[in-house]
Amino acid sequence: MVMTEYLKDVGMEMQRRSDALRRDFAQHPPSAGDNREDIVEKFLKQHLPKRFGISTGFVFSHNGERSQQADLLVVDDQNNAPLYPDDRNQLWPVEAVYALIEVKTQLNRRDLKDAIAKGQRFKSLSRKFLNAGQSIRIENSLFVIWSFESPEASTVKQNLVELLDGVPRGEQPDLIVVPNRLVASAGSYLELSKLGQRNSPYRRQLESKHGGDLSAFIKHPLVYELGANSLMGWHVWLDSWLRQAGARFTDPGKYLSPNQIIGREV
């Protein structure tokens, strides 16, 4: 198939560029990391539908909480705008964000643990969407880990199982991709793919048959060793979720303090 073979080539070229960065920036790894983020940003801008904007910076919620600095953000910039729009690092209300993407060079246990903690902070931000006449079909945001290198797939799965023990499903990473090696899913993405939306006919059917606790259906994260097809598999997962999520609308009124006096009537 044309798309499959094309994305194989893209993944191989991205890996080649990452290897070159390792060689040429060996004395300054932070610069290599920044350039790897640029590689992923370029891929997203070229291959996601144009209605999904790509940005970087910080995410904030109506109660003043913030994410750590995001390597990359997938946002609804048709219905929202950031603060500091002319700067590279922008401030985005969390309701405008479809996905936060953490870019790693290596997916070893230490880096995976660090990414999971960063994802928990982002996933736990409070969201208050504005219903502007268009349905928000998925009231959630994805946390995605993209790594250029990793241990064997079996090691990645073992690390995931151990590190996610005790982490609420809604705060777990949703998608992980290591192009040319593996893809993985966990968190709310895995729950949605296995059980459907809450209160959906399929979900209600499962609950009527098996009871309200459906955790047995999603005990562990799923890891697939897809080799050169990993980028294709991940792209299909991400793209399908984005298309189903619906538009995003921030409600500026929710960002006003209820007790704050900002002026007076004259």
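# Questions about a predicted model

Visitor: By about how much of helix α1 (residues 2–24) are lysine 8 and glutamate 5 separated?
Guide: In this model, which is predicted, lysine 8 and glutamate 5 both belong to helix α1 and are three residues apart. An α-helix has 3.6 residues a turn, so residues three or four places apart point the same way. Because lysine 8 and glutamate 5 are three residues apart in the helix, the separation between them is about one helical turn.

Visitor: What is the N to O distance at which the side chains of lysine 8 and glutamate 5 meet?
Guide: Side chains of opposite charge can pair when their charged atoms come close. Lysine 8 is partly exposed, with a relative accessible area of 22%, and glutamate 5 is also partly exposed, with a relative accessible area of 40%. Their side chains meet in a salt bridge, and the distance from N to O is 3.4 Å.

Visitor: Is serine 18 buried or exposed, and which residues beyond its neighbours within four places in sequence is it in contact with?
Guide: Serine 18 also lies in helix α1, and at 0% relative accessibility it counts as buried. Once its neighbours within four places in sequence are left aside, the residues in contact with serine 18 are Arg36, Ile39 and Phe148.

Visitor: With which residue does arginine 23 form a salt bridge?
Guide: Arginine 23 has a relative accessibility of 59%, and therefore counts as exposed. The closest N and O atoms of its salt bridge are 2.7 Å apart, and the partner is aspartate 24.

Visitor: How many residues apart are arginine 181 and glutamate 152?
Guide: The side chains of arginine 181 and glutamate 152 meet in a salt bridge, at 3.9 Å from N to O. This pair links distant parts of the chain, for arginine 181 sits in the loop between β6 (175–178) and β7 (182–185), while glutamate 152 sits in the loop between β5 and α4, and the two are apart by 29 residues.

Visitor: Which residues do salt bridges that share partners join into one network?
Guide: A search of the whole structure finds 17 salt bridges. Where salt bridges share partners they join residues into one network, whose members are Glu102, Lys104, Asp114 and Lys118.

Visitor: How far apart are the end C-alpha atoms of helix α3 (residues 109–123)?
Guide: Helix α3 has 15 residues, and at 1.5 Å a residue it should span 21 Å. The model agrees with that expectation, since the distance between the end C-alpha atoms is 21 Å.

Visitor: Within what arc do the buried residues of α3 fall?
Guide: The buried residues of α3 are Asp111, Leu112, Ala115, Ile116, Lys118, Gly119, Phe122 and Lys123. Seen down the axis of the helix, they line one face of α3, because they fall within an arc of 165°.

Visitor: Which exposed residues does the face of α3 turned away from its buried side carry?
Guide: On its buried side, α3 packs against several elements, including β1 (53–60), β2 (70–75) and β4 (97–106). On the face turned away from that side, the exposed residues are Arg110 and Lys113.

Visitor: Which residue in β4 stands opposite valine 75?
Guide: β2 is mostly covered, with six of its six residues buried. Four bridges join β1 to β2, which run antiparallel, and there serine 55 stands opposite leucine 73 in β2. β2 also pairs with β4 in the antiparallel sense over four bridges, and in β4 the residue opposite valine 75 is valine 97.

Visitor: Near what value is the phi of tyrosine 84?
Guide: Most residues other than glycine have a negative phi, and most peptide bonds are trans. Tyrosine 84 is found in the loop between β2 and β3 (90–93), and at 53% relative accessibility it counts as exposed. Its phi is positive although the residue is not glycine, and lies near 60°.

Visitor: Near what value is the phi of asparagine 180?
Guide: Asparagine 180 is found in the loop between β6 and β7, and at 26% relative accessibility it counts as partly exposed. Its phi too is a positive value in a residue other than glycine, near 75°.

Conventions:
Residues numbered from 1 in each chain as written. Predicted model: local features only at pLDDT ≥ 70, side-chain atom pairs only at ≥ 80, totals over all residues. Heavy atoms only, no water. Expected span 1.5 Å × (residues − 1). Buried < 20%, exposed > 50% of the residue type's maximum accessible area, 1.4 Å probe, protein only. Arc of directions from axis to C-beta. Contact = heavy atoms within 4.5 Å. Salt bridge = Lys/Arg side-chain N within 4 Å of Asp/Glu carboxyl O. Pairing = 2+ DSSP bridges.
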